[in-house]
Structures are given as structure tokens and as C-alpha cells.
Amino acid sequence: MSQSAVDVPPKGGFSFDLCKRNDMLTQKGLKAPSFLKTGTTIVGLIFKDGVILGADTRATEGPIVADKNCEKIHYMAPNIYCCGAGTAADTEAVTDMVSSQLRLHRYQTSRDSRIITALTLLKKHLFSYQGHVSAALVLGGVDITGPHLHTIYPHGSTDTLPFATMGSGSLAAMSVFEAKYKEGLTRDEGIKLVAEAICSGIFNDLGSGSNVDICVITKGNNEYLRNYMEPNPRTYVSSKGYSFTKKTEVLLTKITPLLERVEITEVGEAMEE
Amino acid sequence: MTFTIPIENGDAGKVAEAESQRTLYPYVTGTSIVAIKYKDGVLMASDMGGSYGSTLRYKNIERMKAIGKHSLLGASGEISDFQEILRYLDELTLNDNMWDDGNSLGPKEIHNYLTRVMYNRRNKFNPLWNTLVLGGVKNGKSYLGMVSMIGVSFEDDHVATGFGNHLARPILRDEWHADLSFEDGVKLLEKCMRVLLYRDRSAINKLQIAKITEEGVTVSQPYSLKTFWEYSSFHNPTASAEGSW
């Protein structure tokens, strides 16, 4: 185990020691393995009273669906949620990290977190890794200054928008938003539009699929509607269910203790403090 | 995309000369075409831009042309290859007229001819760099099909090329239904063209809509769409955080 002490990079952060060896291998013809991407449709929009975020639930590993019902809307603070597209590990880790940083900050300042705080923490982290942390995020929430919606790209640039989409299904979802978004939507209209945009991604993009998750954030309240819509149910379900093979007969039930049960009585005085 | 084939040392000279004659990249390109079948025939929309790389060089290119009495051809991709295809079709329709037997080529025949031409050129590694949309009406039956530069060809109720694949297809899949009226069809096409105008960098706000029915082809005058930029977020995106972006 003493090997690990030698491998830790001296100044922390990424260690680029193996890059030369990787270059040599690529030159010799070895193809580097590609990263695991979520292949996603994530959207957000601002409505009359706050922000609505939406996401599909398919996680892909190349051409295979690795998780049919994963959660892409991550908790950052009671009033801030973040959808993540790109490499699943990167989005999880980065949102977890900033979420704990925000909580510590809340303890210190005794105030609710602001969305621009989360935004700055995320963009600083992503920029410092020059795009290698492949996380594309849609960050939304409501704080003391009002509702906010931002997109954050893997290289660290951000946009402030009334409606946003990210991921491989972003064009399909964006076409729905560009055609139908207006300012001052009610809560039900907003949820309907977000569900429509995610469905557009689910049905027109191969990297997105399964169910629709929605999160509605208003002043002082948030509602996480997990699996709000399930437009891809299993088509053929046998009504008889699955019949298991006949159970083997029970011949004998006996409990064999592996250790003797020993009663311990306390003797002597209690320890001095 | 480059079409290069491995060269053995002996043939280097010959093949290198031949390669310079093949299409390697497109130069002046047109962006998407969107087309739908409607009650009386087919409606097709395209903008009038021709981009030279990232410059918008030409703003008055008609990318939809009538072919014979029964068909309408729209093309995205290399403009010079589109003009070449029009010449081939001219020859085809002329030769057909010379039979003088009262028959005229319908959209299905033209589509088949184009598929053969595109696929054969692709097999010679010298493609015509276009995605073609062929719509038409003959004997009351409307027809809408598409051929790509590698020869993929199919028929459908609504088609889109280029960026339209990603931005217009979801809208068409959701909102197209059989027997649209002319006004509804135009509204649907304009919806798609507006999204393309917002989100495709090579689109311009000058479009034409062409309609083909049993009576023939009409291509509208160029016009522009209204766009909306008045979201309060756009006016002051950093309202809550002065100095940020």
C-alpha cells in the first residue's frame, strides 16, 4: 500500500504524467477509449412565479442504454437545482461538490444561497480544468433577487437566458421552445411546455429516452416531480405474471448457533472521569 | 469530408491527378429545405442564401425549381452541383418530349432518375454534394421524396434537409397531419423556418415558399419573417448581478 504515497501528484489537481505515454500509444495506433456520456435532453425555462427544469432519464454507454431511469436533476440548495449533461460522473461530482460548498457558505452567512454564487463556483471549477471536466449544466432557482436560469458549458462559459436546452437532444427541445415560448407563462402552461420539449428530445434523439423528470422552483418552495411523465411503458406485459418453478420441499428446520451465548455481568467500580 | 483512397506507390502520379477532379469539399452552399404534403399537393420552403464558407456571399439564390409540369425540385448543399442537376433534368425532359406521345415525366420518375444519378456518382467517389427534395402531383396523387448525396432515397409526408433535420423534424412530426389547408401548411412551414432562422447560422431572413398542385408550380415572391427579441431577459441579462455576464 506504500505505492499510493509515491503516485500522489505533488501539488494536487490533475497529474499529466501519463500524457506522453498516451501520445506514444496513439501514434502506434491504439485508439483511446471514449468517455461515458449521458446523451441527454435537459431544459429549463422561467415562468411567471419562478423556474421549471426538465430532463429525460436515459444514461448511455456508447450504443447501450446503461440506466433506463437515472436522475439528471441534481439538488444544489433548497432553492436551487441543476440539470447535468455530458459525462455522468463529471456532472454528479461537480454538482455534489458545489452543493456542499453552498451549504457551508449558508452556515457561515446565515442567508439563503443565491444562484449566481452557484454559477460562479461552477464556472471557476470548470474553467480551471479547461474543458476536461465534461459537464454541461442548466442551473436554475429562485433567490432573494428573483428567478434565474443559466447554462454552463464544459469550458466554463455561461449564459443567462429565459429558456435553455443542453445535451444531444438540445436542438429537438429548442425547436419546441423557439416555436412556443412566451413570457409570463403560468405554472401549468410551463410544465406542459417543458414536458413537450423533453418528449421532443426523447422521441427525436437517440441519446435521450425513457421518462420525463420535472422540478418546479418558486419563491420559498420547490417541487421535484420525479417521473412526471412515463411515455415509454413496456408494451407487452403478460397478465399471468411470471410463474416460478415449484419450490423444493422443506425437510428440516434447525438453528445451529456458531458462537456460545455468554452473559457478561459488570464487576467492580465505574471508571473515574 | 474527404474522399481519398489509399494510394500504392506506382499509381501515385495517375491517381493524384484524378483526385483533383473529384469533389472533395463543397464551396458555395445552401442551407435547409423543409417540405410537407398538404390537401392539394406539396408545399416547400427555402431561404435564398448561398454561403461561401462562413461568408454569406449570395442573397438571391433560388433553390427551388420547377421540373416539367408535375414536379418541384429543391436542393441544399453545393449550388453548382444543383445547377448541373438542373441541366441533366433539362436533357431528360427534352428527350422525353421528343417521343411526342403525350406522356410526361411525373415526380416518381424524376425521383428515381435522381436517385440513380446520385448513387452512381457516389460509387465513383465523385458525389454531387446535394440533398435534394422532390415534390410533385400527377393524376391527383401527391408525392414527396428526398435523395441525399450518398444516394439514400425515400418518400415521406414531410421532409427536411440540413439543419432542418434537427430543428424542423420534431415540429413536423408533432404537428403535421393529413389534409392540411394551404394557410395551415404555410403557417407550419413558417414556424419551422423561423426556428431555423433563430438557430442556424447560415440561414437568412429572406425566404420563398413554393406550392405544387395539379394545376402546376407557383413559387412565391421572396419575403421575410417577423422575429421576436423583446424578452426582458434579453434587455438586461445581468439585472441581478451588475458586472457579471
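## Reading the features

A: Ser168(A) is partly exposed, with a relative accessible area of 41%. Buried means under 20% relative accessible area, exposed over 50%, and partly exposed in between, with a 1.4 Å probe and protein chains only. Ser168(A) sits in the loop between β10 and α5 of chain A. From Ser168(A) to Val267(A) there are 99 residues in sequence and 70 Å in space, C-alpha to C-alpha.

Q: What should I know about the model and the numbering?

A: This is a predicted model, in which local features need pLDDT of at least 70 and side-chain atom pairs count only at pLDDT 80 or more, while totals for chains, interfaces and linings use all residues. Residues are numbered from 1 along each chain as its sequence is written, chains are lettered from A and ligands numbered from 1 in the order in which they are written, and side-chain values use heavy atoms, with hydrogens and water left out.

Q: How many helices and strands does chain B have?

A: Helices (H or I, at least four residues) and strands (E, at least two) are DSSP runs, numbered from the N terminus. Chain B has seven helices and 13 strands. The C-alpha trace of chain B spans about 65 × 55 × 30 Å along its principal axes. Of its 245 residues, 47% count as buried.

Q: How far apart are Tyr143(B) and Lys108(B) in sequence and in space?

A: They are 35 residues apart in sequence and 7.1 Å apart in space, C-alpha to C-alpha. Tyr143(B) belongs to strand β9 (residues 141–147) of chain B, and its 10% relative accessibility makes it buried.

Q: How many aromatic pairs are there over all chains?

A: Rings of Phe, Tyr and Trp (its six-membered ring) pair if their centres lie within 6.5 Å; planes under 30 degrees apart count as stacked, over 60 as edge-to-face and the rest as tilted. The whole structure holds 12 aromatic pairs over all chains. One of them joins Tyr81(A) and Tyr224(A), which are stacked at 6.1 Å centre to centre with 20° between the planes. This pair links distant parts of the chain, 143 residues apart: Tyr81(A) is in strand β6 (residues 80–86) and Tyr224(A) in strand β12 (residues 221–229) of chain A. Tyr81(A) is buried at 9% relative accessible area, while Tyr224(A) is partly exposed at 29%.

Q: Why is the pair of Phe163(A) and Tyr231(B) edge-to-face?

A: The ring centres of Phe163(A) and Tyr231(B) are 5.7 Å apart and the planes are at 80°, so the pair is edge-to-face. Phe163(A) lies in strand β10 (residues 163–166) of chain A and Tyr231(B) in the loop between β13 (216–219) and α7 (232–235) of chain B, so the pair joins two chains. Phe163(A) is buried at 4% relative accessibility, and Tyr231(B) is buried at 7%. Both rings are in a cluster linked by ring pairs, which also includes Phe177(A), Tyr181(A) and Trp229(B).

Q: Which residues have the most contacts inside the largest nonpolar core?

A: A nonpolar core is a set of buried Ala, Val, Leu, Ile, Met, Phe, Trp, Tyr and Cys residues joined through side-chain atoms within 4.5 Å. The largest one has 40 residues, and those with the most contacts inside it include Leu45(A), Ile52(A), Phe177(A) and Ile214(A). Elements of chain A that each supply at least two residues of this core include β1 (42–47), β2 (50–55) and α6 (187–204). The largest share, eight residues, comes from α6(A).

Q: Where does Ser110(A) lie?

A: Ser110(A) is in the loop between α3 (88–109) and α4 (115–128) of chain A. It has a positive phi of about 55° although it is not a glycine. Ser110(A) is exposed, at 66% relative accessibility. Asp179(B) also is not a glycine and has a positive phi, of about 60°. Asp179(B) is in the loop between α5 (169–175) and α6 of chain B, and is exposed at 57% relative accessibility.
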